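Biologist: I am new to this structure and would like to learn how to read its features one by one. Could you take me through them with care?

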Amino acid sequence: MFLNKPVPGIIAGMFVLYGEQYAQILEQFGEACGMGADEVANETAEVRKTIAEVREATLTAGWDGAWFRRAYDANGNPVGTNEDSEGKIYIEPQGMCVMAGIGVDDGKAAKALESTKELLTCRWGTAILAPAYSTYRIELGEISSYPRGYKENGGIFCHNNPWISIANAKINGSSQVSV
């Protein structure tokens, strides 16, 4: 399908999470919305097949050894990798992939959350990335243009901190829901 290139971690997590919800909606309401039973079955099967492909790609090309990668740049280099000195880990793929259930069965999800806590979380919340970029990187664009710790270059955002809380609840139950 579209997996001839690596899929960014946050997009993969969203695709798996929302794709499964779409499949469930089809199963429950497809016929009531005018789809035939065969059409519902075929569409649901195709969606779940693609979800499985994206999940597998995320567990291989999207896994960096201790967390989920953010993406790949236009040159095919990983973004959000331990191979880099800056921008090693990003919050979005950790929260979204774990919420989608990617890596839950093999311990990767738990490891990603451990890395998030260790490398991104401070007393004020969980940063968007770490370590922050110290110089402009043309392949990354705007994100690396801000001062360290400001906005997308290592700042703390309200919208994605709850993703980590939800991911922790999914993996650890209520004992570690805080970020």
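Biologist: In which segment is Gly173 found?

Modeller: Before I answer, please note that this is a predicted model, in which local features need pLDDT of at least 70, side-chain atom pairs count only at pLDDT 80 or more, and totals for chains, interfaces and linings use all residues. Residues are numbered from 1 along each chain as its sequence is written, and side-chain values use heavy atoms, with hydrogens and water left out. Helices (DSSP runs of H or I, at least four residues) and strands (runs of E, at least two) are numbered from the N terminus, and Gly173 lies in the segment after α5.

Biologist: Is Gly173 buried, partly exposed or exposed?

Modeller: Buried means under 20% relative accessible area, exposed over 50%, and partly exposed in between, using a 1.4 Å probe and protein chains only. Gly173 has a relative accessible area of 29%, so it is partly exposed. Its C-alpha atom is separated by 21 Å from that of Arg123, which is 50 residues apart from Gly173 along the chain.

Biologist: How should I read the way α4 and α5 cross?

Modeller: Two packed helices are described by the angle between their axes and by the distance between those axes. Axes here are lines fitted to C-alpha atoms over the stretch in contact, and angles run from 0 to 180 degrees between N-to-C directions. The axes of α4 and α5 come within 10 Å and cross at roughly 135°. That makes α4 oblique to α5, where angles under 35 degrees count as roughly parallel, over 145 as roughly antiparallel, 65 to 115 as roughly perpendicular and the rest as oblique.

Biologist: Which residues of α4 and α5 meet?

Modeller: Contact means heavy atoms within 4.5 Å, and by this rule Ala109, Ala110, Leu113 and Thr116 in α4 meet Ile164, Ala167, Asn168 and Ile171 in α5.

Biologist: Which residues does Ser115 touch?

Modeller: Ser115, which belongs to helix α4, touches Ala66, Trp67, Ile89 and Leu120, leaving aside residues up to four places away in sequence. Ser115 counts as buried because its relative accessibility is 4%.

Biologist: How many residues of α3 are buried?

Modeller: Nine of the nine residues of α3 are buried, so this helix is largely enclosed by the rest of the structure. Among them are Ile91, Pro93 and Met99, and what covers the buried residues includes α1, α2, β3, α4, β5 and α5. After α3 comes Gly101, whose phi is positive, near 85°.
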